[in-house]
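Work through the exercises below with the sequence and the coordinates at hand. Each task is followed by a solution in steps.

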Amino acid sequence: MREDVLDRLVEKLSLEQKVRLLTGSTTWRTAAEQAIALREMVCSDGPAGVRGEAWDERRTSALLPSASALGAAWDERLLADLGGLLASEAVLKGVDIVLAPNLNLHRSPLGGRHFECFSEDPELTARTGAALIRGIQDRGVAATAKHFVANDSETDRLHADVRVSERALREVYLAPFEAAVEAGVWLVMAGYNSVDGTTMTAHPLLSEPLKGEWGFDGVAVSDWAAVRTTEEPARAALDLAMPGPRSPWATDLVRAVGDGRVAEAAIDDKVRRLLRLAARVGAFEERRRPHPAVRAGEARQLLRRAVAAGAVLARNEDVLPFDIGTLSTVAVIGEHAASPRVQGGGSAGVFPSAVVTPLAGIRARLRGRSRVVYAPGPTVTVPPPPLDTDRCTDPRSGEPGVLLRCLDAEGRELYAERRLSGRQLEPGEVPGAHTVEISALLRPETTGTWTFGVGGFGRMTLSVDGRTVLDGTYPCETDDPAIVHVTPPLRTVRVLLDRKRPVLLVARRELASGTGRATVLAAAPPERDPAAALAEAVDAARGADAVIIVVGTTEHSETEGYDRTDLSLGRLQDDLVRAVAAANPRTVAVVNSGGPVELPWRGEVGALLLAWFPGQEAGAGLADVLFGRSEPGGRLPTTWAASLADAPVTRTRPVDGRLDYAEGLHIGYRAWLREAREPAYWFGHGLGYTTWEYEHVDAPARIGIGDTFTVRVTLRNTGRRPGREVVQVYLARPESTVERPARWLAGYAAVHADAEGTVTAEVVVTPRALRHWSSEEQTWRTEPGPYRLMVGRSAGAMEWEAPLIAAGPVLDGTGDRRAGSPLPVDRA
Ligand code: BGC
């Protein structure tokens with residue numbers, strides 16, 4: 001739609017009509033306006049998948065691997081394809097705006113939403129995010145770059161005031177957003193947090209650099225309920241307050257314009273942006289635009305490919321890939337093998353239609369060829385998971401699942417329905433509802449002490465066969481919507497059950513105001529005796545030709561709304577890996593976590609595969625990797641510490657409300673290098689299934705300031721399989737007049753070659769890589785003079801290094817070329 005047409009539409013609207021457009025009409029919808037034939041636009045979270053408007057386990061969505069896995073892929077084409085899948089899911093669900101990607105950084109390994117962000121590095125995050133944005137928007141669905149900016153941890157996330165230098169903001173935290181704007185992103189979401197004393201929804205950064213210097217012409221939307229006042233965010237460049245209809249804007253904003261506290265021109269600009277977005281997503285059109293859906297089979301193949309593409313092989317003592325022909329018995333060990341964590345917790349959660357567990361994936365691959373023995377090992381899943389269709393039936397119909405009822409104040413039934421999950425996030429939306437009830441007939445498969453949990457806020461009760469075992473009132477002490485409505489804490493009780501006797505569970509929660517939407521009924525069977533479970537696993541390992549042990553984080557440790565307190569997998573899992581690895585050297589440990597964890601036994605296992613939260617095709621993709629159908633394509637997007645105590649930047653807890661980014665530019669590998677500390681695994685590390693010889697590097701020795709140049713790296717695949725290598729180019733400036741990271745990623749390129757094949761990677765380095773932000777001059781500067789140009793296989797392992805001079809413009813456009821053979825320098 002042309003700009004003058006947009007102007008005319010704005011002119012048609014009264015102030016009231018315009019302001020009404022600037023607040024959501026519901027939790028997920030923007031307002032419609034008949035006068036200009038504008039329909040509502042529908043938002044849905046991402047990036048794990050597109051849930052749609054309902055938190056309903058029956059409305060399933062394709063579930064992608066976590067963003068940390070996608071960052072590990074270093075593969076923009078894959079990201080664009082996944083963006084296409086998200087867009088096609090969005091179209092299917094009537095969604096116009098996907099609230100993804102999350103471009104915050106892995107500043108601390110403790111960050112609760114670490115899994116939802118791509119990387120610790122601004123360049124990798126920028127390129128990965130931009131590729132996903134293009135993939136989504138190429139299909140006419142809007143993407144949202146969030147959370148602008150420095151919203152990198154969860155503790156006190158609604159109010160934390162991040163203190164960060166202007167240089168670090170520009171060079172590190174804003175850089176991925178700048179790239180998103182360059183990629184043409186249609187929305188940017190302002191975070192809950194403050195930066196240097198101003199809340200992000202009212203922050204001058206929304207004007208400069210976002211809308212001014214970068215030329216962002218889309219909509220600056222608030223994070224959900226992040227607008228807390230009327231004038232400040234309206235005067236700052238925030239455009240859209242979500243959700244609605246209640247909002248500090250609405251009539252108060254009309255009044256503020258009437259009083260001259262907010263200029264009407266500012267309102268017009270916001271509305272024009274909203275209408276531009278509407279035109280982009282087709283919200284002025286009578287019918288939704290048709291978009292060819294990705295077929296279910298194709299989607300599954302893509303998601304399966306993504307599991308392998310992001311899996312990082314951190315160590316391999318000639319164990320992987322397994323040759324199926326040599327395996328008569330394979331032991332699969334660990335609770336996560338049968339109950340993997342496929343996604344992180346919080347607002348981005350979706351309901352996949354089915355999950356291929358690692359155990360199922362391995363069994364499918366080995367069917368008819370090898371015997372698979374499964375031993376879960378000691379129990380690790382605490383707190384208990386929500387009831388599902390496995391061992392529960394609806395007491396009314398007898399069908400698998402639970403019975404969900406809404407009752408009025410007298411206990412009369414207003415509504416009843418069989419559901420598939422004990423976690424219900426929207427049942428209170430029934431007029432007159434006073435109490436939500438979830439009940440189920442549970443068939444205990446084991447005799448012993450079961451753990452039951454009810455989740456939510458307000459008055460809650462739980463009865464087992466009519467006996468009340470929990471009755472309490474649990475006030476809501478936070479206003480964080482992710483905790484209030486999505487992941488409220490569970491209150492647990494333990495009850496002795498007999499295997500032969502089904503029991504009726506009834507959980508009730510009263511719907512007082514301010515108690516949120518979530519009601520959860522959860523159950524866990526008796527814990528296995530740790531010593532016996534360990535012995536069983538060790539026996540299974542000893543009798544097998546190969547062992548795959550899957551360990552990981554537990555249900556509540558990686559989630560929005562909270563930061564982690566440690567990186568440990570727990571003693572039981574650590575002991576299990578150690579004992580199993582000691583029993584069988586052909587043990588592969590698969591780590592199922594969204595972010596870094598401590599692996600004190602990493603030197604004891606035959607191979608170590610970091611699988612992240614792999615999404616719905618977890619087991620299919622992992623089996624591809626384990627048995628050699630696919631190469632583990634991942635390279636770490638984040639440095640993994642051997643222990644939390646070693647990590648240079650960890651603090652996420654504000655002090656007196658302030659979270660000081662005292663490390664400045666030095667996060668991630670930059671901090672490790674500066675402090676000369678050795679992590680367990682560096683940013684960029686990942687082995688794949690073949691070996692490479694870096695044979696030759698062709699790079700300019702001299703460039704003009706402002707030039708883009710190419711580093712050509714010729715590599716030979718010296719292994720026995722085809723493979724993919726991610727060639728990484730770093731820069732350093734040892735004698736800089738300004739503070740610099742020890743080195744920083746300047747560019748990368750992935751190449752493929754057959755066994756014995758030679759290939760040349762062309763890594764393009766843009767002028768952006770050399771520049772620094774000058775706070776004095778308020779502009780970007782590039783220091784002339786010597787830099788070091790490096791080619792590495794990770795941030796800690798350089799293969800080649802040479803000087804690079806940045807000078808005035810180079811006449812022939814190419815500069816003097818420096819060709820060189822690898823000279824091993826700085827090997828870490
Ligand atoms: C999260 C956002 C999310 C929004 C809507 C917020 O609490 O921070 O990432 O898009 O909720 O679910």
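**Exercise 1. Burial of helix H18**

Determine how many of the residues of H18 are buried and what they pack against.

Solution. In this predicted model, nine of the nine residues of H18 are buried, so the helix is mostly covered when buried means under 20% relative accessible area. The run begins with Ala 618, Gly 619, Ala 620 and Gly 621, continues through Leu 622, Ala 623 and Asp 624, and ends with Val 625 and Leu 626. Their packing partners are two helices, H12 (296-310) and H14 (358-366), together with the strands S23 (546-552), S24 (587-592) and S25. Just after H18, Gly 628 has a positive phi of about 85°.

**Exercise 2. Aromatic pairs around H18**

Classify the ring pairs Phe 322–Phe 627 and Trp 612–Trp 640, and locate their members in the chain.

Solution. A ring pair is described by the distance of the centres and the angle of the planes. The model contains 13 aromatic pairs. For Phe 322 and Phe 627, the centres are 6.1 Å apart and the planes stand at 40°, so the pair is tilted. Phe 322 belongs to the loop between strands S9 (312-316) and S10 (329-333), and Phe 627 to the loop between H18 (618-626) and strand S26 (658-660); the pair therefore ties together parts that are 305 residues apart in sequence. Both Phe 322 and Phe 627 are buried.

For Trp 612 and Trp 640, the centres are 5.8 Å apart and the planes stand at 80°; because planes over 60 degrees apart count as edge-to-face, this pair is edge-to-face. Trp 612 is in the loop between strand S25 (607-610) and H18, while Trp 640 is in the loop between H18 and S26, 28 residues apart. Trp 612 and Trp 640 are both buried.

**Exercise 3. Other ring contacts**

State which residues form a cluster through ring pairs, and which arginines lie over a ring.

Solution. The cluster linked by ring pairs consists of Trp 74, Tyr 669, Phe 683, Tyr 730 and Tyr 748. The charged end of Arg 51 is placed over the ring of Trp 55, 3.5 Å from the ring centre. Arg 107 lies over the face of Tyr 661, with 4.0 Å to the ring centre.

**Exercise 4. The surroundings of Ala 671**

Is Ala 671 buried or exposed, and which residues does Ala 671 contact beyond its neighbours within four places in sequence?

Solution. Ala 671 is part of helix H19 (residues 669-674). Its relative accessibility is 4%, so Ala 671 counts as buried. Leaving aside neighbours within four places in sequence, Ala 671 is in contact with Pro 648, Val 649 and His 666.

Notes: Residues numbered from 1 in each chain as written. Predicted model: local features only at pLDDT ≥ 70, side-chain atom pairs only at ≥ 80, totals over all residues. Heavy atoms only, no water. Phe/Tyr/Trp six-rings, centres within 6.5 Å; stacked < 30°, edge-to-face > 60°. Helix = DSSP H or I, 4+ residues; strand = E, 2+ residues; numbered from the N terminus. Buried < 20%, exposed > 50% of the residue type's maximum accessible area, 1.4 Å probe, protein only. Lys NZ or Arg CZ within 6 Å of the ring centre and 35° of its normal. Contact = heavy atoms within 4.5 Å.
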